[in-house]
Structure formats: C-alpha cells, structure tokens
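Please look over the sequence and the model below before reading on. The report that follows moves through a few selected places, one heading at a time.

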Amino acid sequence: MRKLFSSFYVRLSVLFLILLLFMGAIYITISVRSSIAFVEEADQKMNANLAGSVALEIAPFVQDSILTSNIQSLLHYLMVINPHIEIYLLDSSGSILAYFADQAKKVRRGSVSLQPIVEFIRSGPTASVKGDDPRDLNRQKPFSVSPIRLKNNMPGYVYVILGGEQYDLASDAIKEQFLSSTIARGLVIALVFTGLLGLVFFFLMTKRLRTVTDVVTGFKNGNFDKRLTDDAQDDFGRLSLAFNQMADTIALNIEELKHSDNLRRELVANVSHDLRTPLASIQGYLETIVMKRDSISTDEIQRYTNISLQNARYLNQLVDELFELSKLNAIHKKPAKEPFSISELIQDVILKFRSQAEAKKVELTCRHEQGIPLVTANIGMIERVLSNLLDNAIRYAPENARVSLELIPGDDFVRVKVSDSGPGITDEDVPHIFLPYYRGNRSSSRQNQGTGLGLAITKRILELHDSNIHVASELDKGTTFYFDLARA
C-alpha cells in the first residue's frame with residue numbers, strides 16, 4: 001500500500017477524487033437548500049394575501065369575544081383545503097391569543113416577534129420574510145399576516161404559518177428519498193465523467209514527469225548519454241532544458257576528471273620511477289663503498305660519491321619543480337604585474353646560461369631591434385619561463401648548435417622567440433610536451449637529467465599571464481618556442 005501511494009500520479013488522483021466528492025457534497029447541499037428556499041419564497045408570495053382572506057372571514061366572530069368554537073368549522077374548512085397552514089390570532093404585542101391547528105400538538109411559544117410582521121405588512125405581497133414558528137423555539141418559517149380588529153376595537157393580527165406540522169411531516173417523508181436520488185445521480189455523474197476525465201488528464205500530465213524521472217534515474221545509474229527531448233515552452237520544457245545543460249556540464253566534468261586522473265596516475269608512475277632510479281643508484285653506490293671499504297680505491301670512492309651526489313641533486317631539483325608546479329596550479333588569482341624591459345631581462349638570462357652554453361660548445365645569441373617597448377608581467381615568473389626554455393634548448397642541442405632569443409614588437413604585445421638548431425621534436429610528441437613529466441622520445445635516456453616539468457611550469461606561468469606558448473619544430477632542423485607578453 002505504501003509503495004502504491006509513493007506514486008505521484010496515485011496521490012494526485014486520490015486527492016482529486018476526495019476534492020471531487022467534497023465539492024459534490026457541497027454542491028448538493030447548496031442545491032437542496034436553494035430548492036427549499038425557492039419553494040418557501042414562491043409559497044409565501046403565492047399566499048401573501050391568505051391571512052387577509054382569513055381575517056375577512058373571522059372578523060365578525062372576534063369583535064365581541066374570541067370564541068374558537070364559533071369559527072372552528074370555518075377554519076377547519078380552510079385547513080382542509082390547504083392542510084400545510086397553521087392559523088394564529090395575535091394581539092398588538094405579538095402574544096398568541098388563539099390558534100387553530102391540530103390540538104395534539106403543543107404550541108411552545110407564547111408570543112412571536114413583531115419585527116417580521118411589520119416588515120411583511122410594509123413590503124406588501126412581494127415580501128420574502130420569515131417569522132417565528134410558534135411550535136419551535138429556534139425555527140422560523142414563511143408566513144402570511146393581516147391586521148384585524150378584536151373586541152373593544154383593539155388591534156390584532158391573523159398570523160398564518162405556511163408549512164405547518166402537516167407539511168413538515170410530508171416533507172420529511174420524501175426528503176430522504178429525494179436527497180438519496182439526487183446524491184446518487186450527482187456522484188455518478190461526477191465520478192464517471194469528471195473523475196475519469198480528470199484521471200486521464202493527470203495521467204497525461206504526469207507521463208512527462210515519469211519521463212523526466214526515468215532519464216534522471218538512468219543518468220544517476222551511469223548512463224550519461226541520456227537526455228530529455230521535451231522542448232515545450234512550459235515548466236517541463238524549461239526543466240528539460242536545464243537538465244540537459246546540467247547533464248552536459250557534468251558529463252564534460254567527468255571526462256575532464258577522468259583525463260586528469262589518468263594524467264595524475266601517469267605522473268605518479270613517472271615520478272615514482274624517476275625517484276626510485278636515482279635512490280636505487282645512491283643506495284647501491286653507498287652500499288658498495290660500505291661493503292668494500294677495505295679493498296676499494298680512493299678513485300672509485302670519489303667516482304661513486306660524485307655519481308651519488310649527482311643523483312641527489314637531480315632528486316632535489318625534481319622535488320623543487322614538483323612543489324613549484326603544485327603551487328602554480330593552486331593559484332587562482334592573477335600574479336602581481338609591473339612594467340619592465342624585456343630586452344634587459346633577456347640579456348640577464350643569457351649571461352646566466354653563457355657558461356653552460358660554452359661548456360657544450362653551443363652558440364648563444366640574442367636578436368632584437370632598438371627601442372623594444374616595456375611589457376607588463378611578473379618579472380620573476382617570466383625570468384623562470386626564459387630560463388626553462390633556454391635550459392631545454394642548451395641541454396638537448398648537440399655540439400656546435402645555435403640557440404637564439406628574438407624579440408618582435410607587435411601592436412599591443414611583444415613576441416618572445418627561443419629557437420635552437422637541435423634534433424627537433426617528432427609530430428607525435430608535440431601535442432604532449434607541455435604535459436607534466438612528459439619528455440618524449442628524444443630523452444628516453446636520463447643522460448640529460450631533465451625532470452620533464454619545465455615546460456609544464458612554463459605553460460602554467462603564461463596561462464596566469466593570459467598568454468599561451470606555441471611550438472614549431474622539424475626533425476634534425478630545430479625547434480622554436482614563442483609566446484606574447486602585453487605591452488605596458
């Protein structure tokens with residue numbers, strides 16, 4: 001039962017049927033009361049002059065004394081003709097002096113209110129007023145009234161209740177049957193027609209909701225290709241559009257997360273490999289020195305120590321660059337920028353790498369025209385970019401190769417180019433060289449001692465400066481990296 005009522009369609013249908021029954025009952029109640037009020041008002045208007053006629057007939061019999069026996073036969077005849085009336089004789093204050101009805105029925109009031117009587121007389125035959133029922137302390141009924149002169153010429157009233165005890169008995173006898181048949185017909189019509197039409201309408205309306213539920217459930221269960229096709233210009237259409245946009249965003253984020261997770265796994269695997277290799281080398285050489293300390297020569301100890309020191313330096317460089325890349329990736333705000341001379345910065349960087357280039361017999365040059373404009377950037381970060389690019393170019397360049405830096409001014413930028421005449425980069429490697437820890441085929445050996453993080457750091461720094469780094473390379477001809485900096 002609980003599972004049945006968990007359906008929105010079932011709950012909506014049950015609520016609709018309950019409201020339908022409730023409104024049907026209210027409609028029937030109002031209809032019955034309106035019918036009774038209509039009959040009473042019509043009866044009052046039709047018999048508005050009845051009390052006047054009775055007053056004319058009994059006036060001669062009440063002027064000397066009120067003897068009911070004198071007028072009983074006359075009134076009995078009137079009540080036989082119209083059995084649903086009761087006749088009362090009132091004084092000027094509304095007190096009941098005599099009544100003519102079934103004597104077995106006790107009159108419970110000693111007087112009636114004069115306000116309805118006065119209003120009836122003032123309004124005339126069109127009046128629709130109810131007065132006190134002498135046989136019930138709480139009920140009012142339609143009536144007819146007429147002034148009459150009593151003994152000693154005292155004013156009084158002939159007060160005729162329309163719908164007396166006889167009428168009530170007959171009415172109660174047929175009311176239950178009338179109400180039962182009316183309710184039955186009303187409920188059948190409401191349930192069969194309105195109810196069925198409502199259920200069909202709700203079914204069609206909630207069908208779209210069930211479609212949304214099915215698609216969302218499928219999406220939750222991993223079917224990220226499911227989309228809603230409802231393009232109507234209503235709430236469901238807007239919901240479908242919002243869900244599709246959300247689903248596209250989530251699917252894209254999931255793909256990015258998968259890609260990032262693959263890169264992370266690859267990065268961890270590569271870093272683990274490169275950490276393990278120098279650590280194993282350091283450990284091996286140190287163990288050799290310890291185990292053969294009595295037989296190993298001083299030259300061998302020096303050679304083993306130098307190799308261990310070189311590996312330790314590489315480990316230190318790798319850890320530093322990993323930490324630097326992590327910090328750069330955590331930066332969400334733009335770095336602090338200032339105007340500076342890019343030509344002067346290039347000269348400083350070239351001086352720093354001059355000895356390294358000479359050691360490898362690499363020609364290091366700088367080319368730019370006079371009057372290169374200032375650029376706006378973080379000078380420390382841009383120095384790191386130039387250092388990474390020059391270090392890579394010199395490291396991978398063969399002897400007697402050339403490495404050059406060039407500045408090309410533009411309309412609102414200055415382009416920086418770092419070129420070498422080295423071995424170049426394969427087309428397969430070019431799309432991946434800016435990924436963290438990617439070295440490519442040209443450095444499959446560790447002879448160059450590169451960490452594979454320099455270009456990733458370079459790319460991230462330029463992204464923080466709203467710039468991009470580009471590469472153009474040909475095998476055995478060389479490689480060129482270039483990027484743009486905004487003019488000050």
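Is Arg460 buried or exposed? Arg460 is buried, because its relative accessible area is 18% and the cut-off for buried is under 20%. The model discussed here is a predicted one.

## Charged pairs

Side chains of opposite charge can pair when their charged atoms come close. Across the whole structure, 11 salt bridges are found, and one of them joins Asp132 to Arg109, with an N to O distance of 3.7 Å. Asp132 belongs to strand E3 (residues 130–132), while Arg109 sits in the loop between strand E2 (96–100) and helix H5 (114–123), so this pair ties together parts that are 23 residues apart in sequence. Both Asp132 and Arg109 are buried.

Arg460 also takes part in a salt bridge, its partner being Glu463, and their closest N and O atoms are 3.5 Å apart. The two lie 3 residues apart in helix H11 (residues 454–464), which means that about one helical turn separates them. Glu463 counts as partly exposed, because its relative accessibility is 29%.

## A buried leucine

Leu345 is located in helix H9 (residues 342–359) and is buried, with a relative accessible area of 5%. When neighbours within four places in sequence are left aside, Leu345 is in contact with Phe340, Ile379, Ile382, Glu383 and Leu386. Leu386 is 41 residues away from Leu345 along the chain, yet their C-alpha atoms are separated by 9.1 Å.

## A nonpolar surface patch

Val188, Ile189, Val192, Phe193 and Leu196 make a nonpolar surface patch of about 480 Å². Phe193, which is found in helix H6 (residues 165–220), counts as exposed because its relative accessibility is 54%.

Methods
Residues numbered from 1 in each chain as written. Predicted model: local features only at pLDDT ≥ 70, side-chain atom pairs only at ≥ 80, totals over all residues. Heavy atoms only, no water. Patch = residues over 30% accessible without salt bridge, like charges linked within 9 Å, V, L, I, M, F, W, Y side chains within 5 Å. Areas by Shrake-Rupley, 256 points an atom, 1.4 Å probe, with all protein chains shown as cover. Salt bridge = Lys/Arg side-chain N within 4 Å of Asp/Glu carboxyl O. Helix = DSSP H or I, 4+ residues; strand = E, 2+ residues; numbered from the N terminus. Buried < 20%, exposed > 50% of the residue type's maximum accessible area, 1.4 Å probe, protein only. Contact = heavy atoms within 4.5 Å.
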